[in-house]
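Please consult the sequence and the model while reading.

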Amino acid sequence: MKIVEASMAGTVWKVLVEAGNNVEAGQTVIILESMKMEIPLEVVESGTVKSISVSEGDFVNEGDVLLELE
(Lines give C-alpha, C1' and ligand atoms only; values in the text may rest on other atoms or scores of the structure.)
Protein backbone atom coordinates (compact mmCIF):
# COMPACT_ATOMS: atom_id res chain seq x y z
CA MET A 1 0.00 0.00 0.00
CA LYS A 2 1.35 3.40 -1.00
CA ILE A 3 0.13 6.33 1.08
CA VAL A 4 0.62 10.07 1.45
CA GLU A 5 0.80 11.24 5.07
CA ALA A 6 0.60 14.73 6.55
CA SER A 7 4.14 15.99 7.13
CA MET A 8 2.89 18.37 9.84
CA ALA A 9 -0.33 19.48 11.52
CA GLY A 10 -2.36 21.89 9.44
CA THR A 11 -5.45 22.49 7.35
CA VAL A 12 -6.03 20.83 3.98
CA TRP A 13 -5.96 23.86 1.67
CA LYS A 14 -6.26 22.12 -1.73
CA VAL A 15 -6.81 18.56 -2.96
CA LEU A 16 -5.37 18.47 -6.49
CA VAL A 17 -6.43 14.95 -7.53
CA GLU A 18 -9.50 12.71 -7.48
CA ALA A 19 -9.92 8.97 -6.95
CA GLY A 20 -9.03 7.16 -10.17
CA ASN A 21 -6.45 9.75 -11.31
CA ASN A 22 -3.04 8.49 -12.39
CA VAL A 23 -0.16 10.30 -10.66
CA GLU A 24 3.57 10.40 -11.33
CA ALA A 25 6.34 10.25 -8.72
CA GLY A 26 7.05 13.76 -7.48
CA GLN A 27 3.59 15.10 -8.38
CA THR A 28 1.97 17.41 -5.81
CA VAL A 29 -1.40 15.93 -4.78
CA ILE A 30 -2.41 17.89 -1.67
CA ILE A 31 -1.46 21.29 -0.29
CA LEU A 32 -1.59 21.87 3.47
CA GLU A 33 -1.72 25.30 5.10
CA SER A 34 0.00 25.80 8.42
CA MET A 35 1.00 29.08 10.05
CA LYS A 36 0.15 30.98 6.82
CA MET A 37 2.54 28.76 4.81
CA GLU A 38 1.54 26.41 2.00
CA ILE A 39 3.11 22.94 2.26
CA PRO A 40 2.86 20.83 -0.94
CA LEU A 41 2.68 17.06 -0.44
CA GLU A 42 4.00 14.89 -3.25
CA VAL A 43 3.67 11.20 -4.08
CA VAL A 44 6.89 9.20 -3.85
CA GLU A 45 5.86 6.55 -6.37
CA SER A 46 3.69 6.62 -9.47
CA GLY A 47 0.29 4.97 -9.26
CA THR A 48 -3.47 5.44 -9.32
CA VAL A 49 -5.31 7.31 -6.57
CA LYS A 50 -7.35 4.65 -4.74
CA SER A 51 -8.91 6.85 -2.06
CA ILE A 52 -8.69 10.30 -0.52
CA SER A 53 -9.29 10.44 3.24
CA VAL A 54 -9.64 14.22 3.63
CA SER A 55 -11.54 17.17 2.21
CA GLU A 56 -10.50 20.76 1.73
CA GLY A 57 -10.81 22.58 5.05
CA ASP A 58 -10.16 19.49 7.22
CA PHE A 59 -7.59 19.80 10.02
CA VAL A 60 -4.99 17.02 10.05
CA ASN A 61 -2.23 15.99 12.43
CA GLU A 62 1.30 14.94 11.52
CA GLY A 63 1.26 11.33 10.30
CA ASP A 64 -2.42 11.23 9.34
CA VAL A 65 -3.04 9.27 6.13
CA LEU A 66 -4.42 11.67 3.51
CA LEU A 67 -4.40 9.61 0.33
CA GLU A 68 -3.86 6.01 -0.76
CA LEU A 69 -2.46 4.80 -4.08
CA GLU A 70 -2.73 1.42 -5.77
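## Pairing of the strands

In this predicted model, strand 6 and strand 8 run antiparallel and are joined by 3 bridges. Strands are DSSP runs of E of at least two residues, numbered from the N terminus, and two of them pair if DSSP finds at least two bridges between them. Isoleucine 52 stands opposite leucine 67 in strand 8.

Strand 8 also pairs with strand 1 in the antiparallel sense, over 4 bridges; here lysine 2 lies opposite leucine 69. Strand 6 (residues 47-52) pairs with strand 3 over 2 bridges, again antiparallel, and valine 23 faces glycine 47.

Together, 4 strands form an open antiparallel sheet in the order 1-8-6-3. Strand 1 (2-5) and strand 3 (22-23) each have a single partner strand, so one side of each is left without a neighbour in the sheet.

Strand 8 (residues 65-69) is largely enclosed by the rest of the structure, because 4 of its 5 residues are buried (under 20% relative accessible area, 1.4 Å probe, protein chains only).

## Basis of the description

Residues are numbered from 1 along each chain as its sequence is written, and side-chain values use heavy atoms, without hydrogens and water. Local features need pLDDT of at least 70 and side-chain atom pairs count only at pLDDT 80 or more, whereas totals for chains, interfaces and linings use all residues.

Notes
Buried means under 20% relative accessible area, exposed over 50%, partly exposed in between (1.4 Å probe, protein chains only).
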